[in-house]
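Hello,

Here is the structure I promised to pass on to you. My notes follow below it.

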Amino acid sequence: MRFATYTSQGNTYYGAVTDAGMIPLNDTFPEWPTLLDAIKAGGLGELAEDAQGRRPSHTEYQFEMVLPNAPRILCVGVNFPDRNAEYKDGSEQPKYMSLFPRFASGFTGHNRPLVRPPESPQLDYEGEVAIVIGKGGRRIAQADAYDHIAALTICNEGTIRDWVRHAKFNVTQGKNWDNSGAIGPWLVPFTDAAQLDDARIITRVNGEMRQDDVLSRMMHPIRREIEYISTFMTLQPGDIIVTGTPTGSGARLDPPQYLKPGDVVEVEVNTIGTLRNTIEDEVQ
């Protein structure tokens, strides 16, 4: 079962995704007006039961960022072995993970354009797996970490590269341009460790493979990410952790190849699906 946030005829819904269209669910569960509310209530199982056997009632729709009201989005940087080498700064593999915040306003949905701002031509792609916390907690042990995940989705963590270098100790301003990235297309309930342990990320630009790696090679595995992050902050249902991108982003090619209007970026994760976005310049 897959769940998405979407718009149809000017109204916003969440529902179950089928090949024939969307099954809206928010009217059936008025106590959960958004998909985030359903996650906070531990309700994905109830949503799945309700959707069984129902026919889609929305066949024309647009995907939105899957959790547009996500309270907190935390991203893990430089989390694959080859990514550290890409920086060519002679540094050792980091003992601790790099972290930075992103905000929901920086993301759009599946089949929607990523927006390149007039201030910079250096819009870049980063294909990643994102996890959605379902059960909160503090100082969560690695052995228990997967028990705190409600669902999985895909992130293209679009970045304005020159703006991440505006300051010495942070990348926030290069990571939060409006609609510069995407999260979606949908949420897949997390029910089996293999959904993460056997996951493979492939990113293509205009059909050309640019990134290809498996989560099992992460320097800081997802169990460790949950343990580490929950040490200094209490994780809450609906929090999103964007877990890290493989080598092969446009900035690290020789010469660099940034995204331009008309490009198509697809991030495929075998256990989740494919997130697809085009590129457009911002209309001023």
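A word on terms before the sheet: two strands pair if DSSP finds at least two bridges between them, and strands (E, at least two residues) are DSSP runs numbered from the N terminus. Please keep in mind that this is a predicted model, in which local features need pLDDT of at least 70, side-chain atom pairs count only at pLDDT 80 or more, and totals for chains, interfaces and linings use all residues. Residues are numbered from 1 along each chain as its sequence is written, and side-chain values use heavy atoms, with hydrogens and water left out.

Five strands form an open sheet in the order 8-18-17-14-15, with mixed pairing. Its edges are strand 8 (113-116) and strand 15 (208-214), each of which pairs on one side only. Strand 17 (residues 264-269) runs antiparallel to strand 18 (residues 273-281), and six bridges join the two.

Next, the salt bridges (a side-chain nitrogen of Lys or Arg within 4 Å of a carboxyl oxygen of Asp or Glu). The count comes to 16. R204 and E268 form one of them, with their closest N and O atoms 2.9 Å apart. This pair links distant parts of the chain, as R204 belongs to strand 14 (residues 200-205) and E268 to strand 17, 64 residues apart. For burial, the classes are buried (under 20% relative accessible area), exposed (over 50%) and partly exposed in between, with a 1.4 Å probe and protein chains only. E268 is partly exposed at 28%, and R204 is partly exposed at 23%. Salt bridges that share partners also join R102, D124, E126, E157, R161 and K175 into one network. Within it, D124 and R161 meet at 2.8 Å, N to O. D124 counts as buried because its relative accessibility is 0%, and R161 is buried too, at 4%.

Finally, have a look at W186 in strand 13 (residues 181-189). Is this tryptophan, W186, buried or exposed? W186 counts as buried because its relative accessibility is 11%. Leaving aside neighbours within four places in sequence, its contacts (heavy atoms within 4.5 Å) include R2, F3, V17, F63 and I272.

Best wishes

Note on methods
Helices (H or I, at least four residues) and strands (E, at least two) are DSSP runs, numbered from the N terminus.
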